[in-house]
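Welcome! Please take a moment with the sequence and the model below, and then we can walk through some of their features together.

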Amino acid sequence: MSDVAQVRSRTGGVLAATCISTLVVNANTSAVSILLPAISEDTGTSVTTLQWAVTGYSLVGAAVIVTSGSLGDVFGRRRVFQLGLLLFVVSCVMIALAGSGGMVIAGRVIQGAAGATILACGLSLLSVANSGDAQLRAVSLWGAAAAVGAAAGPLVGGVLVDVTGWQGLFWIDAGIAVLCMVLTVLTVAESRDPDRPRTIDYAGTVLIALTLTPLILGVTKSGDWGWFSVATLGCFAISVGAAVAFVVVEGRVAVPLVDLALLRNRVLVGSTIAILIGAGTINGLMYLLSLYFQDPATLGFSPLQAGLATLPATVGLVVIAPLVPRLAAKIGGRQTIGLGFALTTVGFVVVGLVNETWVYSAFLLPLVAIAVGMGLSNGPASAAATAAVPENQVGGASGISNMARYVGAAVATALAATIYGNVIATRTAAGAAQGDALASGLAAAAWMMAIFSFLGVLMAVVIGRHRATKGTLDDAAAAAAAVSFTLPTSATAGRTGSDRD
């Protein structure tokens with residue numbers, strides 16, 4: 001084989017390994033909510049407890065997403081990527097064999113670390129293996145794989161629950177991850193960043209987890225403990241203390257997890273909060289709808305039917321996203337973000353009017369409005385995050401926005417689950433029918449997410465002027481991937497963008 005053919009083969013191998021693994025990770029992540037009722041029935045664990053299978057994944061991902069990239073830079077990106085794949089396989093097998101809800105949750109926590117590592121190091125490997133236009137194309141394909149996985153996950157999960165049982169998803173994902181490991185060994189060369197200091201901010205990683213865990217625990221258990229109980233307030237106090245310690249540590253370490261100086265950038269802060277809100281509300285919505293649609297007292301859908309029913313939200317978001325960069329280039333990124341969150345707010349307000357007589361068709365228009373709104377806001381917010389900083393700070397800005405996605409997903413899902421469960425319990429205790437109680441719980445959580453979405457409109461005001469995207473195909477791919485990861489765009493410092501159309 002000629003040198004050129006070998007290079008092409010290796011480049012193709014890197015592209016295949018990273019894109020396939022990214023697609024699987026994102027599909028697995030978005031599918032889990034559909035599986036929760038089936039897991040609850042098999043393990044005898046309440047769905048309320050199993051929400052930790054969702055929030056625990058996001059919590060650990062928030063702590064690890066930046067650290068895993070740093071570990072790859074120092075110890076070798078291929079090595080850490082392979083470690084992420086191995087952890088993913090172990091977690092899938094652990095969940096598939098689980099006989100209890102606790103084992104499922106533990107496996108999902110490990111999976112959170114694995115997924116974040118695969119995403120962070122996979123993109124680094126892909127970027128190093130290519131250059132120029134080839135790099136733009138490769139990263140665009142990676143972004144498309146991430147978007148397709150996120151959109152297809154609920155449907156795939158629904159199909160597999162009916163065909164193989166809920167364990168089937170994890171066995172299949174484990175098998176695909178093993179194939180990716182073999183492909184990585186055969187085709188991916190090791191790479192490091194020789195100029196990066198070897199210091200890793202382990203303390204920052206631990207403190208992020210220590211900030212989020214008691215916060216989510218306090219929110220989740222507030223219904224049982226009481227908002228002003230010693231236990232709840234103690235959790236919040238630990239969370240605040242850990243957050244303060246995190247700020248102190250980040251100001252002193254040589255290579256901080258978060259460069260606190262970046263938080264003085266108004267555009268970055270506004271776009272990061274917008275990303276957090278968007279990720280939080282879409283994850284909270286998918287969690288609630290997966291439960292509501294499958295409950296026998298409401299629509300009584302099968303897992304497959306529930307997966308199909310959520311397609312307007314998941315696929316709609318991904319379909320609209322690639323069209324957004326050209327719109328943003330014409331009317332402005334801030335205006336597009338504001339319009340998107342306004343539509344999302346309206347969608348959640350309509351869902352907030354739900355009652356037990358609603359059939360699925362009543363959910364369709366608000367779901368489409370939420371999907372279109374999310375698509376309009378996600379891409380421009382991600383683009384603004386990397387467009388607002390100099391070239392040497394793009395990596396830090398991207399890391400902050402990626403961390404925000406996980407934080408938003410963890411906190412908003414926990415808050416939505418808590419409101420949903422507490423309202424259902426209150427209404428049931430008052431003698432309401434089960435269907436009425438469930439509708440009241442969904443309505444209350446939807447109003448909470450409507451408020452958050454309206455805060456997103458305010459963030460569009462906070463975000464100031466910044467470099468605008470050109471609306472290229474690469475920008476479209478970045479916008480589609482923005483539901484799960486921030487990719488560079490033509491507005492990112494140091495990039496000219498591709499003119500492909």
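A salt bridge here is a side-chain nitrogen of Lys or Arg within 4 Å of a carboxyl oxygen of Asp or Glu. By this rule, the structure has three salt bridges. Before we look at them, please note that this is a predicted model, in which local features need pLDDT of at least 70 and side-chain atom pairs count only at pLDDT 80 or more, while totals for chains, interfaces and linings use all residues. Residues are numbered from 1 along each chain as its sequence is written, and side-chain values use heavy atoms, with hydrogens and water left out.

**Salt bridges**

Side chains of opposite charge can pair when their charged atoms come close.

| Salt bridge | N to O distance |
|---|---|
| D73 and R77 | 3.1 Å |
| D224 and K221 | 3.4 Å |
| D436 and R427 | 2.2 Å |

How accessible are these residues? The terms are buried (under 20% relative accessible area), exposed (over 50%) and partly exposed (in between), using a 1.4 Å probe and protein chains only. D73 and R77 are both buried. D224 is exposed, at 63% relative accessibility, whereas K221 is partly exposed at 28%. In the remaining pair, D436 is buried at 19% and R427 is partly exposed at 31%.

Helices are DSSP runs of H or I with at least four residues, strands are runs of E with at least two, and both are numbered from the N terminus. D224 and K221 are three residues apart in helix α8 (residues 202-225), so about one helical turn separates them.

**The annotated domain**

The unreviewed UniProt entry places the feature "domain: Major facilitator superfamily (MFS) profile" at residues 14-468; such annotations may be inferred rather than shown by experiment. Over residues 14-468, the chain is 82% helix and 0% strand, with 31 Å between the end C-alpha atoms.

**Aromatic rings**

Rings of Phe, Tyr and Trp (its six-membered ring) pair if their centres lie within 6.5 Å; planes under 30 degrees apart count as stacked, over 60 as edge-to-face and the rest as tilted. The structure holds nine such aromatic pairs. One of them is the tilted pair of F293 and F301, at 5.8 Å centre to centre with 50° between the planes. Both F293 and F301 are buried. F293 also pairs with F363: their ring centres are 5.3 Å apart and their planes lie at 80°, so this pair is edge-to-face. This pair links distant parts of the chain, as F293 sits in helix α10 (residues 266-294) and F363 in helix α15 (residues 360-387), 70 residues apart. F363 is buried, at 0% relative accessibility. Ring pairs join Y292, F293, F301, W358, Y360 and F363 into a cluster.

**Pockets**

A pocket is an open set of points on a 1 Å grid over the protein atoms alone, where a 1.4 Å probe fits, with protein on both sides within 12 Å along at least five of seven lines; lining residues have an atom within 4 Å of a point. The largest pocket holds about 1300 Å³ of space. Its lining has 41 residues, and D73, V394, G395, G396 and S398 are the closest to its centre. Helix α16 gives the largest share of this lining, seven residues.

The second largest pocket holds about 570 Å³. Its lining has 20 residues, with F246, V258, L276, M403 and V407 nearest its centre.

Methods: Grid points are joined across faces, edges and corners, and a volume is the space filled by probe spheres set on the points.
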